[in-house]
Amino acid sequence: MAEHKEESLMEKIKEKLHDDSSSSDSDNEKSGSSAASSIKTKIYRLFGREQPVHKVLGGGKPADIFLWRNKKISGGVLAGATAIWVFFELMEYHLLTLACHCLILSLAILFLWSNATTFINKSPPHIPEVKIPEDLVVDIALSLRYELNRGFAVLREIASGRDLKKFLAVIAGLWVLSIIGSCCNFLTLFYIAFVTLHTVPVLYEKYEDKIDPFVEKATAEFKKHFAVFHAKVITKIPKAQLKDKKH
């Protein structure tokens, strides 16, 4: 009987040890899976963004239009921009001519309608009073002033010679814009940018899981080539000595 009790006691101890080891293994597996899931959540996003595309575009109605949340409104805006481009670019209409013709047509219709109501015994058309609010003009002027000052500050920083990488990027961007400007006028360039805003963000939002890995590989390859260029060319360029101003 004593031997039987000792054997049963040994079996219980072995079962306890087995249960402890299995629980520790399951805890390790859970911690490993949680670590793997945390690594998977750190996915590369274009331009290092941490917010959805809707938030990056500013949110609100403009972002809804660019991302085609309401297809009728987005299609109407794109159709209106296309009509304006056709009027001015293909039909070679001028802005002043179009504005004068629209005013002539609208004033003639309202004038005839107002005089015809006296003969047909109907109420004259209600012409709303249009006023531009002062607060809106002030807000637009302040926003424009802020953006212009920030642009001038960026240009001043680039011209100071402190950041060669930013200088080369701006020069390349301006050179590309000059080539595009020589091929088309400002209206066509504005229309291309407008169409791009209505197509590229919605396509990126739809296929971002495929685009982001491709951009990540392209960025890594570009950084590799730029490191070689930096080591062979940029490091050999003498840098201007910048003196700190003492106030």
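How do the axes of helix 4 and helix 8 cross, and within what distance do they come?

1. The axes of helix 4 (residues 71–90) and helix 8 (residues 186–206) come within 11 Å and cross at roughly 165°. Helix 4 is therefore roughly antiparallel to helix 8 (angles over 145 degrees count as such). Axes here are lines fitted to C-alpha atoms, for helices over the stretch in contact, and helices are DSSP runs (H or I, at least four residues) numbered from the N terminus.

2. This is a predicted model, in which local features need pLDDT of at least 70, side-chain atom pairs count only at pLDDT 80 or more, and totals for chains, interfaces and linings use all residues. Residues are numbered from 1 along each chain as its sequence is written, and side-chain values use heavy atoms, with hydrogens and water left out.

3. The count comes to 5 salt bridges (a side-chain nitrogen of Lys or Arg within 4 Å of a carboxyl oxygen of Asp or Glu). Among them, Glu205 and Arg69 meet at 3.0 Å, N to O. This pair links distant parts of the chain, with Glu205 in helix 8 and Arg69 in the loop between helix 3 (60–66) and helix 4, 136 residues apart.

4. Arg69 is partly exposed, at 45% relative accessible area (buried is under 20%, exposed over 50%, partly exposed in between, with a 1.4 Å probe and protein chains only). Glu205 is likewise partly exposed, at 26%.

5. Within helix 9, Lys224 and Glu221 lie 3 residues apart, about one turn of the helix. Their salt bridge has its closest N and O atoms 3.9 Å apart. Lys224 is exposed at 51% relative accessible area, whereas Glu221 is partly exposed at 38%.

Key
Axes are lines fitted to C-alpha atoms, for helices over the stretch in contact, and angles run from 0 to 180 degrees between N-to-C directions. Helices (H or I, at least four residues) and strands (E, at least two) are DSSP runs, numbered from the N terminus. Angles under 35 degrees count as roughly parallel, over 145 as roughly antiparallel, 65 to 115 as roughly perpendicular and the rest as oblique.
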